[in-house]
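User: I am new to this structure and would like to learn how to read its main features. Could you take me through them in turn?

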Amino acid sequence: MAMRPITFFRAGSIDDAVAAVSANPDSAFLAGGTTEIDLLRLGVIQPTLLVDVNELPLTYLEDTEGGGVRIGAMARMSDVARAPRIVERYPGMSQALLLGASEQLRNMASMGGNMCQRTRCAYFRDGQSPCNKREPGSGCSALTGVNRGHAVLGTSDHCIATHPSDVAVALVALDATIRTIGPDGTNTIPIERFFLRPEDTPSVEHPLAHGELIVAIDVPNVPVARTSRYVKHRDRVSYEFALVSVFSAMRVDDAGNVAELRLALGGVGTVPWRAHRAEEALIGRPATPENVAAAADAEFADARTTPMNEFKVTFAKRAIVRELSEVSS
Amino acid sequence: MSPVLGKPLNRVDGPDKVTGTGRYCGEIVLPGLAYGLIVGASVASGRVVSIDETAARAAGGVYGILTHENTPKVANAPVLIPSLAGNPAPGMSFFPMQDDTVHYWGQPVAVVVADSLEGAAHAAALLDITYESSTPVATIEDGRAAAYEAKTLFGGLMPAHDERGDVAGALAKSDVTIDQTYHYAANHHNPLETGVTTAQWDSDQLTLWNSTMGVRADQLTVARLLGIPLSDIRVITHYVGGGFGSKAMVWPHVTLAAMAARHVRRPVRLALTRPQSFTSNGHREEQEQRIRVGASRDGMLTAIRQEKLAVTSHFDDWAEPATGVSSEIYGCANYLGAHHLIRGNTMTATFTRAPGESLESFTLETAMDRLAYELDMDPIELRVKNHPPVDSHGNPWSSDGLAECLRRGADLFGWADRDPTPGVREDGHYLVGTGVAAAAYPVAFMMPVQRARARIFNDGSAVVQTGAAEFGIGVLTAMSQVGADALGVDMDVLRFEAGDTDLPNTTSAVGSMGATMQSSAVHNAGTTLRNQLVAHAVNDDKSPLHGLATRDVRVESGRMVSTLDPSIGESYADLLQRNRLLDMEALGSWTPPPLDTPHGLFTFGAQFAEVGVDKDLGLVRVRRMLGVFAPGRVLNPKLARSQLLGGMLWGLSQALLEGNQIDRQSGRWALNNLGEYLVPVHADVPDIQVEFVEVDDDVVGPLGAKGIGEVGQVGAAAAIANAVFHATGRRMNELPMTAEVVMNGGGAG
């Protein structure tokens, strides 16, 4: 437990918020705080200025031209999960939200903050162990440590920390866009480019400049998502991060072949994992258990495992097969 | 029949708890209160080279910093003895900050005291501590080659080796043998309230508000470590947010709080953080168990050999026993139980929810299930057939009930219709199975004389007192019932006081002995006072009861009446007022039977579980549980059911969720919070039923109440594992039975 003197500033406008953080290299935005306050208390992050963005007018949900939805960055997870337009157009996203954390946390946590959620890797969070994500160049304790929960896809020699978000898995499958306002103006970032794999800079998780604030998430019109699903597998029935989760949205044509497929995985990747290889392997073919299994094999062909987490590969493949079999039947 | 005893009354402390008016030990506010925070070592083996306090002291608000350089030396070295024995009860034979050596990760190396908790935390983070460290040995895997057989456990209180007959010979001649090895992950207690102590000195007098399972053990231990008289220490605890064994022994933070308060000359509150609660009050050790069982073709056990290997600290031969139940509940002439230890860089492990019994019974009861299949016998019949009327010394049970629990449970659970074939019942993605296990938990008479006081005022109201701590199990309620029953008064005129060393002694409520000890002392105090009042009345020529034999007087609702003519009588209040007595009081005491009481002493039970196992993903979901128990007299069935249900849930937790391991590189526990160290949430809790089988016990105390604190956990995990086998055809030799263990076919075996 670490407690440090800190300056707290509640921003009244987006411009004030951006200006305040931009002006101080040791500052950070504070949204719902459900992860950030933990990390402050654990001494994992050590800003000297917190700029509270909770008062900003960013809690809206609105339709966009073309039938998509724009979600304000400060919209609370629980509100988004139950919003009729989300439930109708993207049921898998609503399910992902409702399977994350607990109702109390979802009432506080914001959508923008969720995009910046940090890993649950115990070595990152202990504030002490060698960890390249927390302290670049110090090494990765998880590589040879207790790593049952760690990632098998998108890893590097420097980091195998799992991305913890559920709703981000849905958003990568839906090709959402992150909208930001920063010191250099507005920006839009396709969501898959927003989550950076660790490679040799695990401490850099997003392509955001210091002071660049997420203001909205655009979810495009994706008709197939109206039948999307999110299933989350975990040791405990509720209130736990995923061992493996699967978002899927699939359309089968009259000939019985997969015409459209959006597939993404949680719990297995260093980033919310869009299963492009599996999607490509199945498009144009019938979603038979054999074809789905081959697609899942393709997705995990480059998986890198440890003795403690290698079960996740088999687990995830079986979870994909089950999910797509159920969706197609 | 008593109008109060045995009734399912609500908790008397419920309103205080739900309205927040009950004060826990970390909520005691004193003038000038300072806040202490322990700084734990960030290496597991080595020494503190230097501690630079400059930045910490400059942070402001710091009243003092204790390190090994200025911490007072303890007056007497701690010696580990279980608190149930009534001696000083340090959790380990080691006290930190006496020199620069670091034995385990998280070992206290400093205590920072400041004017706020936040200030203490800030200053603690600014302490610049350097260490010399060496590679720790903290896991079985690291230390296996250096294992040795322990001679005694628990500070010499119990032999580590138990042997009778010729096990090797009998195994060789058995028609059927089982030989299995198991691996069990470490467990942590995780009560909602972590350990917390508020310490205040007034001249030489020390008052501690300590979150504890026994105020007397705290008083004895701290007095011995500080070298001050018992009369100078008062320990108070009115509300405790759970213990589960973590507050059964007295850990260093309690004495450190007293030392810190003396150092800064202010009252100090010292609370363990959640991560510190994983490194400050012991744990259930990682362990490996091996069992060999021999049986004849007709299903009689011929030999049991059960051995355990675990890591202990550098200062104590500690192992939770792996033999106490398995050597007794089935008759077996040839038995060997042994404990092997590895000295490593951990703190001394400790009592953790059904210590020993839960895991030894997992080993034994899953082996019994294997044996039932080998013999093609029903597992209930196999158990009943082998459960003898006497213990291994030939002593009859003080009360039994095991067979009745198994049979009653079989009826309630629908066991008769069960097809024993494994792996054939499907329900969607799940394979479904059912399992059974026996449960037993010892009644241990190692405590000293227990005492309580009863007092009645001349308006008819009463106070009953004993030193016991209420740590969530219902002591205040159950003992109010016992006191009201013994005195013959209504609950609403009686106040029960507890949790203070100024009150008559009872020993720490540990080892499932709390209800037996406390109820015996309270009952005797109440009946002593009642008898005193009745004697007074029949000898008082102004009393309508004058001249009656005391045996012809009974007491109801505070009124003494003739059993010969109920219209004749008077109230306690009338008697006292007429005689110009403001009150009358009595001490009652209960001397437990000796350790060598010629009886087998256990609370018996039976556990049943139904599970669904995801056939692809290996996830086990418990669908229903049934526990049937024979605890003798039930003081309050509502509280008893809650406690047994809680025990069964801890069994579910141990079976499927709970497990920690030490990171081999650093020697640090890998999990240190409730986000990752998993215990069940409501969604995991299936349909759970608790039932009782009535047995009379006139050995265990005047009321015949045996313990129920822990037997609810014993056998629960084994019943789940046996159900997993019935569902899948795969045996589980590893706990917790996580997805990969089930997917990969069962683990260690």
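This is a predicted model: local features need pLDDT of at least 70, side-chain atom pairs count only at pLDDT 80 or more; totals for chains, interfaces and linings use all residues.

User: How many residues of chain A are in contact with chain B?

Analyst: Two residues are in contact if their C-beta atoms, placed from the backbone, lie within 7 Å. On that basis, 28 residues of chain A meet 28 residues of chain B. Helix H13 (residues 311–328) of chain A supplies the largest share of chain A's side, six residues. Helices here are DSSP runs (H or I) of at least four residues and strands (E) of at least two, numbered from the N terminus. By class, chain A's side holds twelve nonpolar, nine polar and seven charged residues. Ala, Val, Leu, Ile, Met, Phe, Trp, Tyr, Cys and Pro count as nonpolar, Asp, Glu, Lys and Arg as charged, and the others, Gly among them, as polar.

User: Into which domains is chain B divided?

Analyst: Domain bounds come from an automatic or database domain assignment. Chain B has domain 1 (32–134 + 192–242 + 247–278), domain 2 (148–187 + 284–444 + 597–743) and domain 3 (448–590). The C-alpha centres of domains 2 and 3 of chain B are 40 Å apart, and their contact takes 19 residues from domain 2 and 18 residues from domain 3.

User: Which residues of helix H12 of chain A are buried?

Analyst: An α-helix has 3.6 residues a turn, so residues three or four places apart point the same way. A residue is buried if 20 or more other C-beta atoms, placed from the backbone, lie within 10 Å of its own, exposed if 12 or fewer, and partly exposed in between. In helix H12 (residues 289–299) of chain A, the buried residues are A:Val292, A:Ala295, A:Ala296 and A:Glu299. They line one face of the helix, because they fall within an arc of 100° seen down its axis; the arc is that of the directions from the helix axis to the C-beta atoms. These buried residues pack against helices H11 (276–282) and H13 of chain A.

User: Which residues have the most contacts inside the largest nonpolar core?

Analyst: In soluble globular proteins, nonpolar side chains tend to be buried together. A nonpolar core is a set of buried Ala, Val, Leu, Ile, Met, Phe, Trp, Tyr and Cys residues joined through C-beta atoms within 7 Å. The largest one has 346 residues, and those with the most contacts inside it are A:Ala170, B:Val112, B:Val113, B:Ala260, B:Ile720 and B:Val724. Helix H15 (residues 716–728) of chain B gives the largest share of this core, ten residues.

User: Is B:Ala186 buried or exposed?

Analyst: B:Ala186 is buried, because 24 other C-beta atoms lie within 10 Å. B:Ala186 sits in the loop between strands E11 (176–184) and E12 (196–202) of chain B. B:Ala186 and B:Glu285 are 99 residues apart in sequence, yet their C-alpha atoms are 4.8 Å apart in space.

User: Where is B:Ser512 found?

Analyst: B:Ser512 is in the loop between strand E23 (494–497) and helix H12 (514–538) of chain B. B:Ser512 has a positive phi of about 55° although it is not a glycine, and counts as buried with 25 C-beta neighbours inside 10 Å.

Note on methods
Residues are numbered from 1 along each chain as its sequence is written. Chains are lettered from A and ligands numbered from 1 in the order in which they are written.
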